[in-house]
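Biologist: I would like to learn how to read a model like this. Can we take it feature by feature?

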Amino acid sequence: TRCLGLTLDAILAVDVVTATGRRVQLQRGAELRGLLWAICGCGPNFGVILSVTLAAVPYRPCQTKSQAFELPKNFHAVPCLETYAARARSLPQEISSDCILFFGGPKLSRNTRPLIMGVYDYSYIPQQVPLKLPAAAMPLSLMQSSNVSPAGLVEQEPYLCEQPDGIVHEGATNSRGFFVRAPFIEGGAGAEVWQALLEQMLAAPCEHCYVHLQHAGGAVGSHTPSSTAFYPRDVEWSVVVTGCWPSAENNLEASCREWVMDTVHRLLPHAAGIYATDLGPEDVELAQYVFGSNLQRLLRLKEQWDPDNVFGRGFPLAQLK
């Protein structure tokens, strides 16, 4: 999270079975070295993780605020996204602000459904930072909660609980197909990024498709790119591009997958990297954007710990030699 950083930065110890069947217990020292460094960012390529020990943090309740706005389906929506982005970048580290673009309204054809921008704030301090969008954004709803526990935050995950019926909601995963890729965008993203996202949303092949801007920044950037295998420390948003279709309508799968990849390729010139865990053996092109200058060190460790690429079904690390 923006407040606490990446989970991999809290790893203190790992119990792992390597490609040879050897069980290795790794402890974090003053700095990460060797296999543990690689696991913190590229774990599935190096072994089967049996257990992870994480550093604990003091419990703090969270204040949440969710707002939904209908956006115009034209260039007037771009300043709304720019305003959201400028506010999100300026927030204190203890406040994060996600944004989701999705289609709302009754179950009609996508062309008649409104484009919705949901903005979801999570704050660990009492400070309030108003969101003042241009007049083109029409307010639809506002919900606030205080003293929310970590379990309560999971229950409030917006694309599981708050989006209208017909989008992704609690219980929908058994009746939907998904295809996801997530480029990382830096805080200095310009209007061309928001224009591209808007145009791609309006071109989505299915009303269930959505884009989730997961707010990072803050503590994520408190480590150097070489401190772990995870490289893009200057990421401000993980832009989760999700192609989603009803399972009964398999004819939409190919077009939804194509839409996701088209969206990602439009964002790549502005990307700081891309989320590795979503990538599979077929994603060699995208995989080249993941580890930056950490790649050669990772490849040497891969050759040392898994020369036969036993763990090669996920991220195509060995194919980047």
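Modeller: P61 sits in the loop between β3 and β4 (62-71). Helices (H or I, at least four residues) and strands (E, at least two) are DSSP runs, numbered from the N terminus. Residues are numbered from 1 along each chain as its sequence is written. This is a predicted model, where local features need pLDDT of at least 70 and side-chain atom pairs count only at pLDDT 80 or more, while totals for chains, interfaces and linings use all residues; side-chain values use heavy atoms, with hydrogens and water left out.

Biologist: Is P61 buried, exposed or partly exposed?

Modeller: Buried means under 20% relative accessible area, exposed over 50%, partly exposed in between (1.4 Å probe, protein chains only). P61 has 29%, so it is partly exposed.

Biologist: Which residues is P61 in contact with, leaving aside its neighbours within four places in sequence?

Modeller: Contact means heavy atoms within 4.5 Å. On that basis P61 touches S123, Y124, N147 and V148. S146 lies 85 residues from P61 in sequence, yet the C-alpha to C-alpha distance is 7.7 Å.

Biologist: Now T18. Where is it found?

Modeller: T18 belongs to the loop between β1 and β2. Its relative accessibility is 4%, so T18 counts as buried. Beyond its neighbours within four places in sequence, T18 contacts V24, L35, F46, W305 and F311.

Biologist: How do I read a sheet? In what order do the three strands of the open sheet come?

Modeller: Strands of a sheet pair through backbone hydrogen bonds, either parallel or antiparallel. Here two strands pair if DSSP finds at least two bridges between them. The order is β2-β1-β3, with antiparallel pairing. β2 (23-27) and β3 (48-54) are the edge strands; each has a single partner, so one side of each lacks a neighbour in the sheet. On average, neighbouring strands are turned by 10° against each other, direction ignored. β1 (residues 11-17) pairs with β3 over six bridges.

Biologist: Last, β6. How many residues of strand β6 are buried?

Modeller: In a regular strand the side chains alternate between the two faces of the sheet. In β6 (residues 115-123), nine of the nine residues are buried, so the strand is largely enclosed by the rest of the structure. L115, M117, V119, D121 and S123 lie on one side, with I116, G118, Y120 and Y122 on the other. Nine antiparallel bridges join β4 to β6, where S66 has Y120 as its bridge partner. Nine bridges also join β5 (residues 95-103) to β6, again antiparallel. There S96 stands opposite Y122.

Methods
Axes are lines fitted to C-alpha atoms, for helices over the stretch in contact, and angles run from 0 to 180 degrees between N-to-C directions.
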